[in-house]
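Colleague: Please give me a close look at one part of this model. Start with the domains, then follow the chains and end inside a sheet.

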Amino acid sequence: MIQFQYERVTTAKAAISGLANNSNARFIAGGTNLVDLMKRNVTAPTKLVDINMVPLKDIQQQNGKTSIGALALNSAVADNKLIIEKHPLLSQALNAGASAQIRNMATVGGNMMQRTRCPYFYDTALPCNKREPGSGCGALQGLNRMHAIFGTSDKCIAVHPSDMCIALVALDASVVVAGPKGERRIPFEEFHRLPGNQPEKDNTLQNNEMIISVEIPDNAFNKNAHYMKVRDRASYAFALVSVAAALHMDGKVIKEARLAMGGVAHKPWRLKEAEQALAGKPATEETFRQAAKIAMQGAKAFKYNAFKLKLGPNVIVEALKNAAGLV
Amino acid sequence: MDKSKSKYEPEREGSESRRDFLKKSSILTAIAVAPVAVAKAAEHNLGEKISAAFETTPVNVTVNGVKKQLNVEPRSTLLDTLREQLDLTGTKKGCDYGQCGACTVHVNGQRVLSCLSLAVMHEGQEVTTIEGLAKGEELHPMQQAFIKHDGFQCGYCTPGQIMSAVACINEGHASNEADIREFMSGNICRCGAYPNIVKAIQEVKNGGQKS
């Protein structure tokens, strides 16, 4: 790890000015991903701005939405009574991610900013357009079992690693960010981006901006929600495929649905067409199969991840069955 | 180096600990066999140490109930600071990348991974390590339970397992076996002592030591 300048701040304003004039300065909160990347020399900031003392930990309910501070810990959000009652999908997704120790350190904002776990990104001896633009993509012709099947480019086929973000994109969340010119809101779906020709950019946050909070609008999905994560071992592993499913039921008929997938794309993958196909239909396995078929349209596998083309729709069906209470 | 001991740390008997002996004997061995190039590298290391003294940041932390004023390099992890600067080597370095849980300690009562945390980020906080769990000669109930149920073989993951297990119960995540297994999944045991670790946690959860 190279040496860096360390600055501790107590306000968001000081944090944002702490980044000024240094494109190689980074915020540090939990550090669970950044310290790991710094130890491996994948990233080498020359300055760290410690934002842990900025008061952004509150979880509040007001004006028709739940607001979660960017520095709320993953464990605090997962165990929060309001979140469990109003947005159980989020609580489930959080508890499916990482380990209890890491959830006690990782923040909501940091979770959103975490980098891909693509092994080519992590190994500085190998090419990676995300780590070193123009060096090539090792995964494209390499070991790509964990990689994306949606929205890939010939520059990058890495996947976004978060579970929390899959629930947030399904729940129509938005991200409040602050910069030198004030605050703006980014719909969660537009926060993370596809790789295209710039895989080094994971999201649409500007260099001098800071995540302040995440807002989830009130919804009627709390009775029928399920987060299903399939991985190589039962716990403490990244998703091969995960599905966030939430239904607003009217008796046995689906009034409205929310569906998103993890482990399949460079961003949390929202499945709007499948959601539309579910609306107004009876909650049966047949309905869910149809929706899953629609969801998988456009999927493209690589040499070692073709299993995701089969696993994906199966997990969608299982997650929906669980959400609907059919199992 | 701060040598003041935690109030819970048992007095060492005899003049030297095993670790001190190992340190000294390996230095002597190194001197005896060192070619000139190695000696030069050691000199270089000394230079680094001197320059580090000018690049440290003060941080106040309470470790096992004792207030410490430390000067740390910003890039020192909490794990390395505990082990190398405070001589608290009970906390183990397993993978050093947040994948194994051997380095688990409590910060302000919450279990965290000391390998993924920079020491400088813990200003004003309270850190508890495995050395701070026992009260004098009296082991913590979880330590007792690990011994009773054979919750280890090689023992390398054990300090992390025990710190995690204590927190797991405090968090309310130990109500049944499935819960315990899920919320202890961040502590890997290469020897596979999991069934016994679960038994130890269940016993402490259900009211401590039964004969």
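Modeller: Domain bounds come from an automatic or database domain assignment. For chain B, that assignment gives domain 1 (56-131) and domain 2 (133-211). Residues are numbered from 1 along each chain as its sequence is written, and chains are lettered from A and ligands numbered from 1 in the order in which they are written. This is a predicted model, in which local features need pLDDT of at least 70 and side-chain atom pairs count only at pLDDT 80 or more, while totals for chains, interfaces and linings use all residues.

Take chain B as a whole. It has seven helices and five strands. Helices (H or I, at least four residues) and strands (E, at least two) are DSSP runs, numbered from the N terminus. Along the sequence, the pattern of chain B reads α-α-β-β-α-β-β-β-α-α-α-α. Of its 211 residues, 36% count as buried. A residue is buried if 20 or more other C-beta atoms lie within 10 Å of its own, exposed if 12 or fewer, and partly exposed in between, with C-beta atoms placed from the backbone.

Now the two domains of chain B. Over C-alpha atoms, their centres are 21 Å apart. Domain 1 puts 14 residues in contact with twelve residues of domain 2. Contact means that the C-beta atoms of two residues, placed from the backbone, lie within 7 Å. On the domain 1 side, strand E3 (104-107) and strand E4 (110-113) of chain B are the elements that give two or more residues. E3(B) has the largest share, three residues. By class, this side of domain 1 holds five nonpolar, seven polar and two charged residues. Here Ala, Val, Leu, Ile, Met, Phe, Trp, Tyr, Cys and Pro count as nonpolar, Asp, Glu, Lys and Arg as charged, and the others, Gly among them, as polar.

Chain B also touches chain A. The contact takes 24 residues from chain B and 19 from chain A. On the chain B side, E4, helix H5 (158-170) and helix H6 (177-183) each supply at least two residues. E4(B) gives the most, with four residues. The chain B side divides into ten nonpolar, ten polar and four charged residues.

Next, cross into chain A and find its open sheet. Strands of a sheet pair through backbone hydrogen bonds, either parallel or antiparallel. This sheet has five strands in the order E4-E5-E8-E6-E7 (chain A), with antiparallel pairing. Two strands pair if DSSP finds at least two bridges between them. Strand E4 (59-62) and E7 of chain A stand at the edges, each with a single partner strand, so one side of each has no neighbour in the sheet. Neighbouring strands are turned by 25 degrees against each other on average, direction ignored. The axes are lines fitted to C-alpha atoms, for helices over the stretch in contact, and angles run from 0 to 180 degrees between N-to-C directions.

Look closely at strand E6 of chain A. Six bridges join E6 (residues 174-179) to strand E7 (residues 182-187) of chain A, and the two run antiparallel. A hairpin links E6(A) to E7(A) through two residues. A:Val177 has A:Arg184 as its bridge partner in E7(A). A:Ser174 stands opposite A:Pro187 in E7(A). What stands opposite A:Ser174 in E8(A)? That residue is A:Glu215. E6(A) and strand E8 (residues 210-217) of chain A are joined by five bridges and run antiparallel.

Further along chain A comes another hairpin. Nine bridges join strand E10 (residues 241-250) of chain A to E11(A), and these strands run antiparallel. A:His248 stands opposite A:Glu256 in E11(A). Two residues lie between the strands of this hairpin, where A:Gly251 takes a positive phi near 65 degrees. Strand E11 (residues 253-262) of chain A is mostly covered, with seven of its ten residues buried.

Finish with the core. A nonpolar core is a set of buried Ala, Val, Leu, Ile, Met, Phe, Trp, Tyr and Cys residues joined through C-beta atoms within 7 Å. The largest one has 151 residues, and A:Leu89, A:Ala167 and A:Ala244 touch the most other members. Leaving out residues up to four places away in sequence, A:Ala167 touches A:Leu89, A:Leu90, A:Ala93, A:Tyr227 and A:Ala244.
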